[in-house]
Amino acid sequence: MNDARLLRQPERGEERQLEAAVQRVLEGYYEADAPWDTGVSPPELVAVVEGPGALTPGRVLELGCGTGTNAIYLARHGWDVVAVDLVDRAVRLAGEKAAAADVAVRFLRGDVTQLDELDAPGPFDLFFDLSCYCGIPPHRRDAFAAGLSERAAPGARLLMFGYGPGAFDDTWSGVTADELRTRFASWDLLDATPGTNDVPTWWFTLRRSTGPIVSA
Ligand SMILES: C[S@@+](CC[C@H](N)C(=O)[O-])C[C@H]1O[C@@H](n2cnc3c(N)ncnc32)[C@H](O)[C@@H]1O
């Protein structure tokens with residue numbers, strides 16, 4: 001084994017350790033009442049669904065759906081919803097809530113950075129992410145962006161809420177507009193509006209670009 005491989009191995013090990021640690025923390029949250037699980041859809045999503053210039057209902061993929069509040073809201077407003085979360089218990093609770101509400105949502109337990117392993121081919125007109133991406137380990141984020149780009153209908157929107165860097169007591173979580181511009185290179189960042197939280201947060205809107213115009 002040469003020196004370069006010896007140097008790389010601990011990095012990959014650390015990446016796997018971070019993934020496992022994040023999953024354990026998330027599972028722990030859902031053993032009690034997760035603090036983010038308010039049961040209320042944010043006004044930024046309501047504006048996209050019901051406001052002036054609302055999008056026409058189509059197919060939506062929710063990333064990190066938790067216990068399904070927003071997936072159920074979208075389904076109630078005519079959207080065909082697929083919703084994914086990493087945590088078994090969250091997905092189970094989401095299914096129970098949807099059944100009680102008598103709405104059809106396809107909840108999938110899985111990793112949003114590995115969408116190829118899930119039955120979620122799209123194409124999707126809307127992606128909704130309420131503080132999922134900002135907590136995904138940085139080395140998995142390219143795969144997140146690729147998975148959405150491959151499943152995006154022309155002109156699809158991505159509505160994302162994210163915590164900024166430094167919001168939490170770690171060295172890696174958070175998202176910035178610059179990061180999204182780089183990582184979602186085939187998308188246009190239409191809007192970045194600061195949130196109203198005590199720590200830095202953002203609402204981002206991106207649109208899948210239709211690609212370069214090729215002249216005849
Ligand atoms: C801060 S919580 C927000 C949950 C939900 N969006 C809400 O607002 O109620 C982030 C969610 O993303 C999920 N999540 C984090 N990483 C994920 C991944 N790689 N794949 C799927 N879900 C993930 C977590 O399990 C958690 O439910």
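A residue is called buried if 20 or more other C-beta atoms lie within 10 Å of its own, exposed if 12 or fewer do, and partly exposed in between, with C-beta atoms placed from the backbone. By this rule Phe-144, Ala-145, Gly-147, Leu-148 and Arg-151 of helix 5 are buried. This is a predicted model, in which local features need pLDDT of at least 70 and side-chain atom pairs count only at pLDDT 80 or more, while totals for chains, interfaces and linings use all residues. Residues are numbered from 1 along each chain as its sequence is written. Helices (H or I, at least four residues) and strands (E, at least two) are DSSP runs, numbered from the N terminus.

**Ligand surroundings**

- Around the ligand there are 20 residues, and those that come nearest are Gly-64, Gly-66, Leu-86, Val-112 and Leu-130. A residue is near a molecule if its C-beta atom, placed from the backbone, lies within 6 Å of it.
- This shell divides into 11 nonpolar, 6 polar and 3 charged residues. Here Ala, Val, Leu, Ile, Met, Phe, Trp, Tyr, Cys and Pro count as nonpolar, Asp, Glu, Lys and Arg as charged, and the others, Gly among them, as polar.

**The nonpolar core**

- The largest nonpolar core has 54 residues, and Ala-71, Val-81, Ala-83 and Phe-127 have the most contacts inside it. Such a core is a set of buried Ala, Val, Leu, Ile, Met, Phe, Trp, Tyr and Cys residues joined through C-beta atoms within 7 Å.
- Strand 5 (residues 152–163) gives the most to this core, with 7 residues.
- Leaving aside neighbours within four places in sequence, Ala-83 is in contact with Glu-62, Cys-65, Gly-68, Ala-71, Ala-94, Val-105 and Phe-107. Two residues are in contact if their C-beta atoms, placed from the backbone, lie within 7 Å.

**Helix 3**

- Helix 3 (residues 69–76) is largely enclosed by the rest of the structure, because 7 of its 8 residues are buried.
- The buried residues of helix 3 are Thr-69, Asn-70, Ala-71, Ile-72, Tyr-73, Leu-74 and Ala-75.
- These buried residues pack against helix 2 (43–50), strand 1 (59–63), strand 2 (80–85), helix 4 (88–101) and strand 4 (124–130).
- Just after helix 3, Gly-78 takes a positive phi of about 95°.

**Helix 4**

- Helix 4 has 14 residues and reaches 20 Å from its first C-alpha to its last, close to the 20 Å expected at 1.5 Å a residue. The expected span is 1.5 Å times one less than the number of residues in the helix.
- Within helix 4, Ala-90, Val-91, Ala-94 and Ala-98 are buried.
- Seen down the axis of helix 4, its buried residues fall within an arc of 95°, so they line one face of the helix. The arc is that of the directions from the helix axis to the C-beta atoms.
- Asp-88, Ala-99 and Ala-100 are exposed on the face of helix 4 turned away from its buried side.
- Glu-96 also lies in helix 4, and it counts as partly exposed because it has 13 C-beta neighbours inside 10 Å.
- Glu-96 and Gly-68 are 28 residues apart in sequence and 9.3 Å apart in space, C-alpha to C-alpha.

**Helix 5**

- Strand 1, strand 4, strand 5 and helix 6 are included in what covers the buried residues of helix 5.

**Loops and backbone features**

- Asp-102 lies in the loop between helix 4 and strand 3. Although Asp-102 is not a glycine, it has a positive phi of about 60°, and it counts as exposed because it has 8 C-beta neighbours inside 10 Å.
- Pro-123 is found in the loop between strand 3 (106–109) and strand 4, and the peptide bond from Gly-122 to Pro-123 is cis, with omega near 0°.
- Asp-169 lies in the loop between strand 5 and helix 6 (177–183). With 6 C-beta neighbours inside 10 Å, Asp-169 counts as exposed.
- Asp-169 and Ser-41 are 128 residues apart in sequence and 27 Å apart in space, C-alpha to C-alpha.
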